[in-house]
Amino acid sequence: MKIELASSYGFCFGVKRAIEIAQKYENSATMGPLIHNEDEINRLKKDFNVGLYSQLSDVKPDDTVIIRTHGIPKNDLKELKKGVKKVINATCPFVTTPQNIVKNMSKDGYSILIFGDIEHPEVKGVKSYASDLDDVHVILCPEDLKNVKFKNNKIACVAQTTKKKETYLEIVNALILKNKEVRVFNTICDATFENQDAARDISKKADIMIVIGGKSSSNTKQLHSICLENCKNSYLIENENELESSWFINKNYCGITAGASTPDWVIQKVIDKIKSFKP
Ligand code: SF4
């Protein structure tokens, strides 16, 4: 069986940067998981003693706390700065951009529309930068627009960095048909495009696709859904332990891709395990 990696996969710029920052600050802790990959978080704990806090009330005054790639809500950041020795911001610059857009456009009197998942930490953070929290609306699809009541007649739109550009275009088209002024910011990140395009290409050729990444990672789930559109035998796994040899029976071409938070060493272990299965 041929095993091939997508032409673009795995770690993106923002995740590489966050890991490098965390490695520089041994004995620190992150506020929320630094990235969406448990194995990498465990490695940072083991090799660099980088701990993990899940809530603000757990931090101690002597701590050095690292803000994760997805960012945190504005008020949490303010609280944190008051409560600990040092705050290191590892928020990806592509996430800081929509935070600043929301802050500025909201200040200029625009209603804010965010295309994203309301429960996602990145979206919670971006949303928190609006000056009027009652006029920032989060939707997942164009149909959700019918439940949105904007306070202003001018609207500014941003998207969660990992969302599908096609759906964003549909939302924006629907908005323009009904509103006088719509400002659209393309905040979807290129790393996501590249990994998605490469996943689309390889899944058209493969008869089995393995997508490696955190099950709670939005960009990994997106890759899995793109692969499923082209290859019904597409599996999402976090690491090699979840592979099942039966998936590979009578398969000739295995494509592999990985989410933006998946380290190369996890990918290599998956490839080695697939190779170990008897044909
Ligand atoms: S996927 Fe893009 S926005 Fe998200 S961390 Fe990576 S580079 Fe930043």
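Predicted model: local features only at pLDDT ≥ 70, side-chain atom pairs only at ≥ 80, totals over all residues.
Residues are numbered from 1 along each chain as its sequence is written, and side-chain values use heavy atoms, with hydrogens and water left out.

User: How far apart are the end C-alpha atoms of helix 1?

Analyst: Helices (H or I, at least four residues) and strands (E, at least two) are DSSP runs, numbered from the N terminus, and the expected span of a helix is 1.5 Å times one less than its number of residues. Helix 1 takes in the twelve residues 13-24, so a span of 16 Å should result. In agreement with that, the end C-alpha atoms of helix 1 are apart by 17 Å.

User: Within what arc do the buried residues of helix 1 fall?

Analyst: Buried means under 20% relative accessible area, exposed over 50% and partly exposed in between, with a 1.4 Å probe and protein chains only. By that rule, the buried residues of helix 1 are G14, V15, A18, I19, I21 and A22. Taking the directions from the helix axis to the C-beta atoms, these buried residues line one face of the helix, because they fall within an arc of 160°.

User: Which exposed residues does helix 1 carry on the face turned away from its buried side?

Analyst: On the buried side, what covers the residues of helix 1 includes helix 2 (38-48), strand 4 (64-67) and strand 5 (86-89), where contact means heavy atoms within 4.5 Å. The face turned away from that buried side carries the exposed residues E20 and K24.

User: Which residues does H120 contact, leaving aside its neighbours within four places in sequence?

Analyst: UniProt, in an unreviewed entry, lists H120 under "binding site" together with H36, H70, T161, S217, S218, N219 and S261; such positions are given in the numbering used here, feature names are shortened, and annotations may be inferred rather than shown by experiment. H120 lies in the loop between strand 6 (111-115) and helix 5 (121-127), and its relative accessible area of 6% makes it buried. Leaving aside neighbours within four places in sequence, the contacts of H120 are H36, H70, Q160 and S218.

User: Is S261 buried or exposed?

Analyst: S261 sits in the loop between strand 12 (253-258) and helix 9 (264-276). Apart from neighbours within four places in sequence, S261 is in contact with F11, V15, I35, H36 and N37. With a relative accessible area of 7%, S261 is buried.

User: What is the largest C-alpha distance among C12, C92 and C189?

Analyst: The UniProt annotation "binding site", from an unreviewed entry, covers C12, C92 and C189. Although these residues are spread over 178 residues of sequence, they cluster in space, and their largest C-alpha distance is 10.5 Å.

User: Which residues does C92 touch, not counting those up to four places away in sequence?

Analyst: C92 is found in the loop between strand 5 and helix 4 (93-107), and at 9% relative accessibility C92 counts as buried. Once residues up to four places away in sequence are set aside, C92 touches G14, R17 and T69.

User: Which residues is C189 in contact with, leaving aside its neighbours within four places in sequence?

Analyst: C189 has its place in the loop between strand 9 (181-184) and helix 7 (190-205). At 12% relative accessibility, C189 counts as buried. With neighbours within four places in sequence left aside, C189 is in contact with F94 and T161.

User: How many residues apart in sequence are the parts that F115 and Y168 tie together?

Analyst: Rings of Phe, Tyr and Trp (its six-membered ring) pair if their centres lie within 6.5 Å, with planes under 30 degrees apart counted as stacked, over 60 as edge-to-face and the rest as tilted. The structure holds five aromatic pairs, one of which is the stacked pair of F115 and Y168, at 5.8 Å centre to centre and 20° between the planes. F115 lies in strand 6 and Y168 in helix 6 (residues 165-178), so the parts that this pair ties together are apart in sequence by 53 residues.

User: Which residues do ring pairs link into a cluster?

Analyst: W247 and F248 form a tilted pair, with 6.5 Å centre to centre and 40° between the planes. W247 is buried at a relative accessible area of 14%, and F248 counts as buried at 8%. The cluster linked by ring pairs consists of Y235, W247, F248 and F277.
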